[in-house]
Amino acid sequence: MGLTRRQWMAIAVIMVGTFVTVLNQTLVAPALPSIMKDTSVDAATAQWLTTGFTLVNAIMIPITAYLQDRFTTKRLFLFSMLVFLVGALLCGLAANFPLLLAGRIVQAIGAGILMPMSMTVLLVTFPVEKRGAAMGIFGLVVAFAPAIGPTVGGIVVDTADWHIMFLGIAVLSAITLVLAAILMENKEVVGGKGDAAFDALSVALSTLGFGGMLYGFSALGSTGLTLFTGAATVVGCVCVVWFFIRQTHLETPMLRVKVLYNRKFLISTIIGMLVQGSLLSAAILMPIYVQTLLGFPATVSGLVLMPGAIVMGVMNPIAGKLFDKHGPRMLGLVGMGLLLATTVGFGVLTLASPLWYIVVLYVLRMFSMAIVNMPITTWGMNALDTKLMNHGTSVNNTLRQVAGSLGTAIVVSVSTGVQNAASGSMGLSDATTLGIDVAFMVCAAMIAAGLVLTVIFVKDRPGTTEAVGQEQPEGRTKGAAKVSAQADSGSAQTNKELLRRIMKTDVYTLLPDATVKDAMELFISKHISACPIVDAKGEPVGFISDGDILKQLSRQSESYMDPIVLMMMSANDTATYDEKLEHLMGLPVSAVGAKGTIGVNIHADLEEVCRVLSRNHLKKVPVIEKGRIVGIINRSDITEYSMETYLDTH
């Protein structure tokens with residue numbers, strides 16, 4: 001790989017830190033029944049250990065953007081690892097539930113910074129041409145930790161005590177902290193100072209808003225609707241709305257929520273939120289069912305979850321290949337349909353349900369989630385302009401984690417509420433089983449809503465949009481013009497004739513596997529600055545411009561919060577300009593250009609074509625007829641036509 005021994009040792013330390021962080025998130029589930037018993041709390045209260053952790057992680061995402069712009073890699077990594085260590089010690093020494101919860105929240109603050117920081121360190125250490133290997137290392141760690149976490153947690157609970165589990169995490173954190181202090185180099189995070197701003201009111205609103213909603217929903221199951229819980233829920237909802245409105249008015253928002261104006265991205269985010277809420281809910285309910293109702297030890301409950309986690313890790317890269325081959329619709333429909341069926345299967349559990357049935361059902365459920373999560377998220381991200389990618393991933397990840405927290409709070413609250421209501425008319429075991437069944441049916445309703453959205457909105461076309469009859473998002477996918485579906489054929493024919501008159505019919509295109517070198521040669525020989533990328537059928541699937549190429553050669557300065565986007569886009573490049581250029585020339589245009597492209601329909605009127613060009617800041621736009629590109633309209637073509645027309649009539 002061309003790295004020094006010191007660099008490899010530093011990478012090993014970073015991977016240990018990442019592993020400990022991810023492992024920590026999955027250890028708690030099999031320990032919940034023991035924690036509930038020792039601290040005398042119910043499931044609705046105990047679930048805060050998971051949902052509170054996830055919620056704080058979500059709140060930390062936009063804050064970390066600010067921190068990454070102002071502190072070096074080493075300092076921020078050491079700080080986050082130290083905070084995480086303090087949280088683990090608080091959990092390990094906790095004598096009651098409030099102290100345990102406080103420790104988990106402190107852990108979440110450190111973990112919220114640590115995860116993107118780990119990826120950034122890899123990017124700083126590895127040269128550009130070796131980052132594929134770095135991605136493989138990161139993916140292996142992230143997939144392996146959840147697979148063994150529940151089992152390790154179960155073994156510790158059965159053989160020792162749940163306190164030992166957190167103390168073990170603290171020991172691993174301390175070792176990582178010491179080694180990182182010795183081995184890590186003190187490099188800037190991502191290309192120096194960025195433009196991320198810290199807005200105290202936004203942080204306060206997000207914390208009070210999401211925290212209030214989470215408390216209100218989770219308390220409903222234990223205490224019912226009281227004045228305090230109702231007030232907390234209302235205040236939380238108001239603060240969340242205020243937070244989102246404020247982000248749309250800040251010059252440098254902490255979370256760029258305007259990307260949600262893109263309909264495809266919005267739909268993919270909503271589906272992801274519904275799936276995430278269902279995923280985390282099951283991880284809490286299953287150990288309670290297996291241990292409390294079926295009487296199995298914590299180790300067994302961990303082993304029940306392990307095959308599903310392994311299948312999900314294995315299927316993630318396979319789902320990516322299937323997405324490239326078949327598109328999102330088939331995977332979305334099959335995945336959401338299977339997810340709905342398995343969730344309903346969990347909704348009819350009884351005390352006589354065999355353990356093998358639960359294992360098989362859970363494996364199928366995780367399999368279905370794997371073929372839904374990545375394809376639907378990628379479909380939504382592909383609808384955004386490349387320059388909005390980091391903002392999209394930040395919004396997507398934040399809302400998914402918030403949805404996981406709130407969804408789990410609602411589902412577990414339903415389970416506890418049903419159990420409390422039914423315990424007077426039936427035995428405790430039967431009441432608990434009924435509560436879990438109803439909770440899974442609530443999850444099924446969430447998944448059913450996601451399935452409906454998938455059926456209606458998720459299509460296979462890779463992002464090509466015509467400026468007729470559609471609402472379009474920001475960037476290259478926003479502002480596409482609309483022509484009324486009721487426009488008479490004469491008007492449409494007139495528009496078509498006008499566009500054919502002023503557009504250039506010499507259309508130069510590139511296939512997705514063409515190299516950037518091919519694109520540069522085409523630009524120079526044909527005196528153009530951009531061209532569409534088309535598939536084998538001639539249908540547009542992307543767009544590459546000289547600006548896209550220059551962006552790859554420039555020094556990156558943005559802060560990216562999503563690990564995958566960090567891996568792909570946010571390196572602090574140490575390569576020289578010539579080295580970057582040499583590497584860039586061999587890349588496929590599909591990896592450099594925009595995914596999807598705006599196109600104006602041949603029947604669009606000139607006013608709407610101007611709207612597309614101006615609102616998307618484009619120099620030219622393809623003209624599409626029956627899915628094929630038949631011409632290109634430049635801004636200069638419209639200007640020339642307009643001036644000639646005006647002079648002829650005046």
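What share of the 650 residues in the protein chain is buried? Buried residues make up 56% of them, where buried means under 20% relative accessible area, exposed means over 50%, and partly exposed is in between (1.4 Å probe, protein chains only). This is a predicted model, so local features need pLDDT of at least 70 and side-chain atom pairs count only at pLDDT 80 or more, while totals for chains, interfaces and linings use all residues. Residues are numbered from 1 along each chain as its sequence is written, and side-chain values use heavy atoms, with hydrogens and water left out.

**The chain as a whole**

- The protein chain has 24 helices and 7 strands; helices (H or I, at least four residues) and strands (E, at least two) are DSSP runs, numbered from the N terminus.
- Take the contacts in the protein chain with a separation of 6 or more: 79% of them come from residues 24 or more positions apart. Contact here means heavy atoms within 4.5 Å.
- About 26,600 Å² of accessible surface belongs to the protein chain, and carbon and sulfur atoms hold 65% of that. Accessible areas come from the Shrake-Rupley method with a 1.4 Å probe; for residues, only the protein chains shown count as cover.

**Nonpolar cores**

- The largest nonpolar core has 125 residues, and M286 and Y289 touch the most other members. Such a core is a set of buried Ala, Val, Leu, Ile, Met, Phe, Trp, Tyr and Cys residues joined through side-chain atoms within 4.5 Å.
- Helix α11 (residues 263-293) gives the most to this core, 14 residues in all.
- Leaving out residues up to four places away in sequence, M286 touches L305, F346, I358, Y362 and F440.
- Apart from that core lies another, of 18 residues, with A604, L618, V623 and I638 among them.

**The sheet β2-β3-β4**

- Three strands make an open sheet in the order β2-β3-β4, with antiparallel pairing. Two strands pair if DSSP finds at least two bridges between them.
- β2 and β4 (594-595) stand at the edges with a single partner strand each, so one side of each has no neighbour in the sheet.
- Strand β2 (residues 530-534) is mostly covered, with 5 of its 5 residues buried.
- β2 pairs with strand β3 (residues 540-545) over 5 bridges, and I533 has G542 in β3 as its bridge partner.
- The hairpin of β2 and β3 has 5 residues between the strands, and G538 takes a positive phi near 85° there.
- On to β4: 2 bridges join β3 to β4, and K595 in β4 is the bridge partner of G542.
- In the loop between α18 (516-526) and β2 you'll find S529, which counts as buried because its relative accessibility is 18%.
- S529 touches F523, S545, D546 and K620, not counting residues up to four places away in sequence.

**Spots on helices**

- V171, L172, I175 and L179 form a nonpolar patch on the surface, with about 320 Å² of accessible area together. Patches are made of residues with over 30% relative accessible area and no salt bridge: like charges are joined within 9 Å, nonpolar side chains (Val, Leu, Ile, Met, Phe, Trp, Tyr) within 5 Å. A salt bridge is a side-chain nitrogen of Lys or Arg within 4 Å of a carboxyl oxygen of Asp or Glu.
- I175 sits in helix α8 (residues 162-183) and counts as partly exposed, at 45% relative accessibility.
- Q25 is in helix α1 (residues 5-27); at 35% relative accessibility, Q25 counts as partly exposed.
- Q25 and R104 are 79 residues apart along the chain, and 9.7 Å separates their C-alpha atoms.
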